[in-house]
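Let's take a friendly look at how strands can line up beside one another. Keep the structure in view as you read.

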Amino acid sequence: MANPTAAMLVIGDEILSGRTRDSNMHHLAGRLTEAGINLNEVRMVADDRTAIVEGVRALAPKHDHLFTSGGIGPTHDDITADCVAEAMSASIDVRPDARAILQAHYDRQGIEMNEARLRMARIPEGATLIRNPISAAPGFTIGNVHVMAGIPAIFEAMVAGILLSISGGDPVLSESIRIDRAEGDIAARLGELAEEFADLNFGSYPFRQNGQYGAHVVIRGTDAHQINHAAALLRVAFGDDAS
């Protein structure tokens, strides 16, 4: 059976303006690979209602899981929860369990629960909460859409929690081979191996070092025996130039 598939919707003006470098996609890709879930598509959108709603409606039906990051804080531009609710045709309001989590968190710190902070307790009807062990404000899952914070430490904690509750497939394994030849010299044999091992993915990533062209060939798949066999054939094909 094929591994489950996933997409990611990265939300935030700060990402698209270049003010903030996104690390959440890199982290999610690695964790999903370990869990045997194939991250097949990533889309980045601004804090724009139409863009977020359209993104959810486009990605969620195509994949087993859609993960979002960003836009669930207390400020006016944190509109992700409302947009996901709209995209999933769900109503949204302050939910007692989410409010209780936030109230307890702020009470412990002696901080007032004001209207801005209360916005973070607005959860679509039918959603389940995603625990936030760092700052308490929960994310949520509705249908196959997992809505999480954009702050990397919180996002990573939420991902760890989600992966305990969803089923994956076989972990994706990989082997990297350095070949000190230009891509044009290895392309034909690489193409032959890709046809021979149809269940594997072959990626070629060129480099230039000390005036010499080369490529790192990465072989990915779920069958360690096939990967090892293909790697051995590649090394034989290019002899001393492959390592």
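## Before we start

Two strands pair if DSSP finds at least two bridges between them. Strands themselves are DSSP runs of E with at least two residues, numbered from the N terminus. This is a predicted model, where local features need pLDDT of at least 70, side-chain atom pairs count only at pLDDT 80 or more, and totals for chains, interfaces and linings use all residues. Residues are numbered from 1 along each chain as its sequence is written, and side-chain values use heavy atoms, with hydrogens and water left out.

## Strand 11 and its partners

Find strand 11 at residues 212–221, which pairs with strand 9 (residues 173–179) in the antiparallel sense over seven bridges. Across this pairing, I177 sits opposite V217 of strand 11.

Strand 11 also pairs with strand 10 (residues 201–209), again antiparallel, over nine bridges. Here N201 has R220 as its bridge partner in strand 11. Strands 10 and 11 make a hairpin with two residues between them, and N210 in the turn has a positive phi of about 55°.

## Strand 7 and its partners

Now move to strand 7 (residues 139–142), joined by three bridges to the antiparallel strand 6 (residues 128–130). Strand 8 (residues 145–148) also runs antiparallel to strand 7, with three bridges between them.

Strands 7 and 8 form a hairpin with two residues between them, where G143 in the turn has a positive phi of about 60°.

Which way do the residues of strand 7 point? G139 and T141 point one way, F140 and I142 the other, and all are buried (under 20% relative accessible area, with a 1.4 Å probe and protein chains only).

Conventions. Helices (H or I, at least four residues) and strands (E, at least two) are DSSP runs, numbered from the N terminus. Buried means under 20% relative accessible area, exposed over 50%, partly exposed in between (1.4 Å probe, protein chains only).
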